[in-house]
Amino acid sequence: REVNPERRPGGRRNESTTTDETPSTDSRERSLVPEDPTTLPETEQRRTTRGPQRTKLRTLPPEAESPPTAAVLFTSANSARRRGDHLEASRLYGELNRAHRGSREEVTSRVSHGRLLLDQMNNPSGALRRFDDYLRVQSNGTLALEARVGRAMALGRLGRREAELRAWREVLNHHPRSLHTPRAEQRILDLTNVGSRTEDRN
């Protein structure tokens, strides 16, 4: 250490200190020795003993697929019916009925499903329920004629002659000039004649 013996005004010496000393060997060696964690503050001890903290990423569950809309089910069912996949078409019509009951597509599908059950799947009872369901809410709808004709045919397949006769008369009453008029009139005549012959035998 060099001391500058210059005096300040007032009689005091101005001692300026110049440090040109290099660190001793002992101090350099101490700097290379890791510090004892127990001598560090508590927060530093936790950081030293635990090591680097890893951020845990929370894995989000995959989004559930949204259920198909009424339009999608209706289109898919009609496509399956047209290509001859009757079981798949019936399944899709049923899913549409359960998931979107009362929608425009579901109400319309009741007639298509009914004809599929009647014409292709030999299920007149199921067909009759579909036609009745449609007429219950759309007695004057665009498919009312098809539903009434299908209903009469389903009753005929079930052997319910009196109910079938009433159903064909309903076709004539509600749709007197339709393409189904000749068929309805002929079927009414046949059923009436059968009834007359049965009464004569008794």
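Student: What is the handedness of the crossing where α3 passes α4?
Tutor: α3 passes α4 in a left-handed crossing, where left-handed is when the near helix is turned anticlockwise from the far one by less than a right angle, and right-handed if clockwise. Helices (H or I, at least four residues) are DSSP runs numbered from the N terminus. One caution: this is a predicted model, in which local features need pLDDT of at least 70, side-chain atom pairs count only at pLDDT 80 or more, and totals for chains, interfaces and linings use all residues. Residues are numbered from 1 along each chain as its sequence is written, and side-chain values use heavy atoms, with hydrogens and water left out.

Student: At what angle do the axes of α3 and α4 cross?
Tutor: Roughly 160°, and the axes of α3 (residues 70–82) and α4 come within 8 Å. Axes are lines fitted to C-alpha atoms, for helices over the stretch in contact, and angles run from 0 to 180 degrees between N-to-C directions. The two helices are therefore roughly antiparallel to each other, a label for angles over 145 degrees.

Student: Which residues of α3 and α4 make the contact?
Tutor: Among them are Leu 73, Phe 74 and Ala 77 of α3 with Ala 89, Leu 92 and Leu 96 of α4; contact means heavy atoms within 4.5 Å.

Student: And how do α4 and α5 cross, left-handed or right-handed?
Tutor: The crossing of α4 and α5 is left-handed. The axes of α4 (residues 86–99) and α5 (residues 104–119) come within 10 Å and cross at roughly 150°. That makes α4 roughly antiparallel to α5.

Student: New topic: which residues touch the most other members of the largest nonpolar core?
Tutor: Leu 118, Phe 131, Tyr 134, Ala 147, Val 149, Trp 168 and Val 171, out of 26 residues. A nonpolar core is a set of buried Ala, Val, Leu, Ile, Met, Phe, Trp, Tyr and Cys residues joined through side-chain atoms within 4.5 Å; buried means under 20% relative accessible area, with a 1.4 Å probe and protein chains only. The largest share of this core, eight residues, comes from α7.

Student: What is Trp 168 in contact with?
Tutor: Leaving aside neighbours within four places in sequence, Trp 168 contacts residues including Val 149, Met 153, Arg 187 and Leu 191.

Student: Last one: where does Asn 122 lie?
Tutor: In the loop between α5 and α6. Asn 122 has a positive phi of about 50° although it is not a glycine.

Student: Is Asn 122 buried or exposed?
Tutor: Exposed (over 50% relative accessible area): the value for Asn 122 is 61%.

How values were computed: Angles under 35 degrees count as roughly parallel, over 145 as roughly antiparallel, 65 to 115 as roughly perpendicular and the rest as oblique.
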